[in-house]
Amino acid sequence: IIIFQATFYRIFKKKSTQGFQSVPYVVALFSSILWLYYAMLKKNAMLLITINSFGCAIEMIYIILYITYAPRAPGVSINSVLIEKLYDFIHPIIYML
């Protein structure tokens, strides 16, 4: 998380993604989601649920910041991009449940 903080401090400061890729953040979010799913299947896994819920929240914040400062096509609003990407993340989770 410390490495991500340094990266996002630079992105936030310069208001640009500067060629950084979003793949590590999406993979980290997917990993946290999978661990949450596993924790839901186990009994007495409150620590797993707590840690990975925090991880999901942090990764979602990072991804929203990334999408906010990523270059986009002219005429595309940030709201439509955020709604589309959030749907892309939530749809597989709902499908797994």
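The questions below go from the whole chain to single residues.

User: What kind of model is this, and how are residues numbered?

Analyst: Residues are numbered from 1 along each chain as its sequence is written, and side-chain values use heavy atoms, with hydrogens and water left out. Local features need pLDDT of at least 70, side-chain atom pairs count only at pLDDT 80 or more, and totals for chains, interfaces and linings use all residues, as this is a predicted model.

User: How many helices and strands does the protein have, and in which pattern?

Analyst: Helices (H or I, at least four residues) and strands (E, at least two) are DSSP runs, numbered from the N terminus. The count is 4 helices and 0 strands. Along the sequence, the pattern reads α-α-α-α.

User: What percentage of the residues is buried?

Analyst: Buried means under 20% relative accessible area, exposed means over 50%, and partly exposed is in between (1.4 Å probe, protein chains only). The protein has 97 residues, and the buried share is 27%.

User: What share of the contacts with a separation of 6 or more joins residues 24 or more positions apart?

Analyst: A contact means heavy atoms within 4.5 Å. Among contacts in the protein with a separation of 6 or more, the share from residues 24 or more positions apart is 57%.

User: How many aromatic pairs does the whole structure hold?

Analyst: Rings of Phe, Tyr and Trp (its six-membered ring) pair if their centres lie within 6.5 Å. Planes under 30 degrees apart count as stacked, over 60 as edge-to-face and the rest as tilted. A search of the whole structure gives 3 aromatic pairs.

User: Which parts does the pair of Tyr25 and Tyr62 tie together?

Analyst: Tyr25 and Tyr62 form an edge-to-face pair, 6.2 Å centre to centre with 70 degrees between the planes. Tyr25 is buried at 4% relative accessible area, and Tyr62 is buried at 8%. The two residues are 37 apart in sequence, so their pair ties together helix H2 (residues 23–41) and helix H3 (residues 46–69).

User: Which residue joins Tyr25 and Tyr62 in a cluster?

Analyst: Ring pairs link three residues into this cluster. Besides Tyr25 and Tyr62, the cluster includes Tyr66.

User: Trp35 and Tyr38 also pair. About how many helical turns separate them?

Analyst: Their pair is edge-to-face, with 5.7 Å centre to centre and 85 degrees between the planes. Trp35 is partly exposed at 42% relative accessibility, and Tyr38 is partly exposed at 38%. An α-helix has 3.6 residues a turn, so residues three or four places apart point the same way. Trp35 and Tyr38 are 3 residues apart in helix H2, so their separation is about one helical turn.

User: How far apart are the end C-alpha atoms of H3?

Analyst: The expected span of a helix is 1.5 Å times one less than its number of residues. H3 has 24 residues, so it should span 34 Å. The model agrees with this, as the end C-alpha atoms of H3 are 35 Å apart.

User: Which residues does Met60 contact, leaving aside neighbours within four places in sequence?

Analyst: Met60 is in helix H3 and is partly exposed, at 22% relative accessible area. With neighbours within four places in sequence left aside, its contacts are Leu29 and Leu86.

User: Which residues does Ser32 contact, again leaving aside neighbours within four places in sequence?

Analyst: Ser32 lies in helix H2 and is buried, with a relative accessible area of 9%. The buried residues of H3 include Asn52, Gly55 and Cys56. With neighbours within four places in sequence left aside, Ser32 contacts Asn52, Gly55 and Cys56.
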